[in-house]
Amino acid sequence: MDLDFSSFVLAAATADLSDEPHARDHADAVEFRLDMASDPLDALAAYDGDLPLIATNRPTWEGGEAPDGEERLDALRTAAAHEAVAAIDVELAALEDGDAAGVVDYARDRGTAVVVSTHDFAETPHRDSMREVLAEASRWGDVAKLAVTAEGAGDVLDLLGATWDATTDGETVATMAMGEAGRHSRAVAPLYGSRIGYAPVDPADATAPGQYDLATLSALVERLRSEGPKAGESEP
C-alpha cells in the first residue's frame, strides 16, 4: 500500500490493529505502535485491513516503550517489508548515531517511505532551531516529523512559523505541539503545511499529551481546510 504525503494524511494511532475497521471513516492510515503492542510482528503478519500502515517502534529514550537495540531495529525492517506498511518511523537521533541508517536503506529498497522524527517533551526550541531539525530530518527521510511541548501560544506560533518555512522551502514535514497549550496545533498545523496528523480512535488510548480523538481531529481539520488558506497560497 502507498501513502501520498503531498497532501495531509490523518493517521489513527494505535497499538491494536483490530482498531482499524473503526478508523476507516475518518483516517487515511493507521500508525501502528509496535513498541506498545503485544506480539506486534504476529499482529502485523495477520493484518488484512483496508488502511495503509505507518510502523513505529519508539524507543524508551524518545517517549516510547521499546528497549533500544538491534531487536527494535530488526522489527522495523520486518515491518518495512510488509505489503501493508506504507511508511516506517525512524528517530533522527538514531540516524545521527548511525544505528538506524541500514533500516532506512532497507525501507527505500522496498519502496517504503520513511518518516524521520524528533520529539521534545520538555519545551519548544527556538524557531531557528526547529527549522534546522526539520531540514536535517528532511535530508534523511521522505517526511520530517517534529513534535514539541508548548507552554503557551507563542510556542505554537514559533512551531507554525518553522512549519511554514520548511514547507515553502519544499520540504515535506509533519509538526505538532504536545500538551494542552499546543492541542489546537494539531488542527491548525495542516494549514501551514504539516502533512501528517495523529489521533487515537478512543481518546482514552492517546499516545501523546494533548491529542484529540480521531473523529474530532478529522472534523476540525476538514472544517479549517475548507475555510482557510493552504500552505503555499499566501503568507499567514
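Predicted model: local features only at pLDDT ≥ 70, side-chain atom pairs only at ≥ 80, totals over all residues.
Q: How many residues does the largest nonpolar core have, and which have the most contacts inside it?
A: The largest nonpolar core has 55 residues. Leu-53, Ile-88 and Val-90 have the most contacts inside it. Another core, of 18 residues, lies apart from it, and includes Leu-3, Ala-113, Val-143 and Met-176.

Q: Which residues does Val-90 touch, leaving aside those up to four places away in sequence?
A: Val-90 touches Leu-76, Leu-95, Ala-100, Val-104, Val-114, Val-115, Val-116 and Ser-117.

Q: What describes two packed helices?
A: The angle between their axes and the distance between the axes describe them. Here, helix 3 (residues 70–80) and helix 5 (residues 101–109) pack at an angle of about 5°, and their axes are 9 Å apart. Angles under 35 degrees count as roughly parallel, so helix 3 and helix 5 are roughly parallel to each other.

Q: Which residues meet where helix 3 packs on helix 5?
A: Helix 3 contributes Leu-73, Leu-76, Arg-77 and Ala-80, which meet Gly-102, Val-103, Tyr-106 and Ala-107 of helix 5. By class, this contact has 6 nonpolar, 1 polar and 1 charged residues.

Q: Is Asp-89 buried or exposed?
A: Buried means under 20% relative accessible area. Asp-89 has a relative accessible area of 0%, so Asp-89 is buried. Asp-89 is found in strand 4 (residues 85–91).

Q: With which side chains does the side chain of Asp-89 make a polar contact?
A: One is the side chain of Arg-58, at 2.7 Å. Another polar contact, of 2.7 Å, joins the side chains of Asp-89 and Ser-117. Not counting residues up to four places away in sequence, Asp-89 touches residues including Ala-55, Thr-56, Leu-76, Val-115 and Lys-145.

Note on methods
Residues numbered from 1 in each chain as written. Heavy atoms only, no water. Core = buried A, V, L, I, M, F, W, Y, C linked by side-chain atoms within 4.5 Å. Buried < 20%, exposed > 50% of the residue type's maximum accessible area, 1.4 Å probe, protein only. Contact = heavy atoms within 4.5 Å. Axes fitted to C-alpha atoms, helices over the stretch in contact; angles between N-to-C directions. Helix = DSSP H or I, 4+ residues; strand = E, 2+ residues; numbered from the N terminus. Parallel < 35°, antiparallel > 145°, perpendicular 65-115°, else oblique. Nonpolar A, V, L, I, M, F, W, Y, C, P; charged D, E, K, R; others polar. Polar contact = N/O pair within 3.5 Å; in protein donor to acceptor, adjacent residues only side chain to side chain.
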